[in-house]
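Here is a colleague's note to read beside the model. Please keep the sequence and the structure open, and take the points in order.

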Amino acid sequence: MRADAVFEGGGVKAIGFVGAVAELERNGYTWERVAGTSGGGLVAALLAAGYQAQEMQNLLKEFSFPSLKAPTVWHRWGRIGVALRFWRRLGLYTGQYLEAWTYRTLKQKGVVTFGDLPAGKLRLVASDITNGRVVVLPDDLPQYGVDPQRFPVARAVRMSGSLPFAFDPVILTTGRRRIVFVDGGLLSNFPVWLFDVKGRPRWPTFGFRMVAKHEGQARTITGPVSYVKALIYTMLEAHDKRHVEKADAVRTIFISDCGIRTTQFDLTDADKENLYQAGVQAASRFLSRWDFERYVRVYRTDSVLV
């Protein structure tokens with residue numbers, strides 16, 4: 001059974017997506033096209049390269065989340081050094097570990113650039129804050145004078161996951177202009193629309209979303225640091241959670257985040273296992289009620305794009 005998959009941004013919680021994918025694969029699903037934002041973009045890239053859920057589970061168990069916050073020479077100078085680094089680089093940490101790990105991992109499957117993938121296989125979402133627009137990679141790269149076939153997938157994953165303030169943005173230079181890209185979740189955290197067509201689809205598109213266990217918790221804001229943290233939390237955790245169109249909800253697998261925050265980089269093995277199992281359970285519940293023919297009959301017509 002063929003399907004497309006679109007993964008919400010989820011940071012470290014993306015392990016839950018892998019559990020859901022594993023359950024769908026056990027039930028006979030294979031992936032035609034995949035897309036995602038931020039942490040969901042990493043999962044999508046691994047699937048596009050040919051990794052199956054069991055392989056991905058092992059990979060993410062070995063992924064060193066603390067390395068995402070590896071200190072730089074600036075951090076040796078304490079708060080002053082951190083402030084200076086942010087002033088110069090626009091981020092507290094480099095984000096290079098994510099790109100380097102993704103590059104090595106994809107290369108094991110023979111994937112380095114988008115040209116190594118079938119056309120249309122993978123789409124990643126980033127935010128162009130220079131021009132204030134959502135960017136779909138690799139589709140929109142020609143607008144920046146970049147050849148999509150030669151663009152590294154790992155760089156696109158980093159662009160999609162460059163959490164504002166926390167990580168350095170990715171900068172592309174076109175002529176005399178510097179275009180600044182940050183986390184796709186800033187503008188489109190759940191791009192389930194990416195593969196939609198008019199009328200009856202050939203196969204379903206499944207959405208994968210995290211559901212906050214403690215959604216709506218109050219945060220105390222006492223100064224600039226707590227303000228920035230609250231701003232990031234609101235962007236990542238509460239973004240577009242209140243409203244999902246019914247036609248999208250019926251094709252979406254909602255996974256409990258087990259109370260884990262997007263930027264909780266000190267995950268324990270137990271945390272990872274809990275997220276994975278939450279994904280498995282959510283996918284199992286979804287499949288027990290999913291009916292593709294009914295979905296088409298109710299929500300897809302020649303005159304409606306959903």
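1. α2 and α5 are roughly parallel to each other, because angles under 35 degrees count as roughly parallel. Helix α2 and helix α5 (residues 96–107) pack at an angle of about 15 degrees, and their axes are 10 Å apart; axes here are lines fitted to C-alpha atoms, for helices over the stretch in contact, and angles run from 0 to 180 degrees between N-to-C directions. Helices (H or I, at least four residues) and strands (E, at least two) are DSSP runs numbered from the N terminus.

2. This is a predicted model, in which local features need pLDDT of at least 70 and side-chain atom pairs count only at pLDDT 80 or more, while totals for chains, interfaces and linings use all residues. Residues are numbered from 1 along each chain as its sequence is written, and side-chain values use heavy atoms, with hydrogens and water left out.

3. On the α2 side the contact is made by Leu42, Ala45, Leu46 and Ala49, and on the α5 side by Leu98, Trp101, Thr102, Thr105 and Leu106, where contact means heavy atoms within 4.5 Å. By class, this contact of α2 with α5 has 7 nonpolar, 2 polar and no charged residues (Ala, Val, Leu, Ile, Met, Phe, Trp, Tyr, Cys and Pro count as nonpolar, Asp, Glu, Lys and Arg as charged, and the others, Gly among them, as polar).

4. Helix α5 also packs against α6, at an angle of about 145 degrees and with the axes 8 Å apart, and α5 passes α6 in a right-handed crossing. The contact includes Leu98, Thr102 and Leu106 of α5 and Val153, Ala154 and Val157 of α6. The residues of the contact of α5 with α6 divide into 6 nonpolar, 2 polar and 3 charged.

5. How many cavities of 30 Å³ or more does the structure hold? There are 3, a cavity being a set of points, on a 1 Å grid over the protein atoms alone, where a 1.4 Å probe fits but cannot get out. About 330 Å³ of space lies in the largest cavity, where a volume is the space filled by probe spheres set on the points, and grid points are joined across faces, edges and corners.

6. The largest cavity is lined by 24 residues, of which Gly11, Gly39, Leu68, Leu98 and Gly161 lie nearest its centre; lining residues have an atom within 4 Å of a point. Both α2 (39–49) and α6 (153–160) supply at least two residues each to this lining, which divides into 14 nonpolar, 8 polar and 2 charged residues.

7. Two backbone details deserve a careful look. Most residues other than glycine have a negative phi, and most peptide bonds are trans. The peptide bond from Leu137 to Pro138, however, is cis, with omega near 10 degrees, and Pro138 is found in the loop between β5 (133–137) and α6. Phe165, in strand β6 (residues 165–167), has a phi near 75 degrees, a positive value in a residue other than glycine.

Key:
1 Å grid on protein atoms, 1.4 Å probe; cavity = no way out; pocket = protein on both sides within 12 Å on 5 of 7 lines; lining within 4 Å. Parallel < 35°, antiparallel > 145°, perpendicular 65-115°, else oblique. Left-handed = near helix turned anticlockwise from the far one by under 90°.
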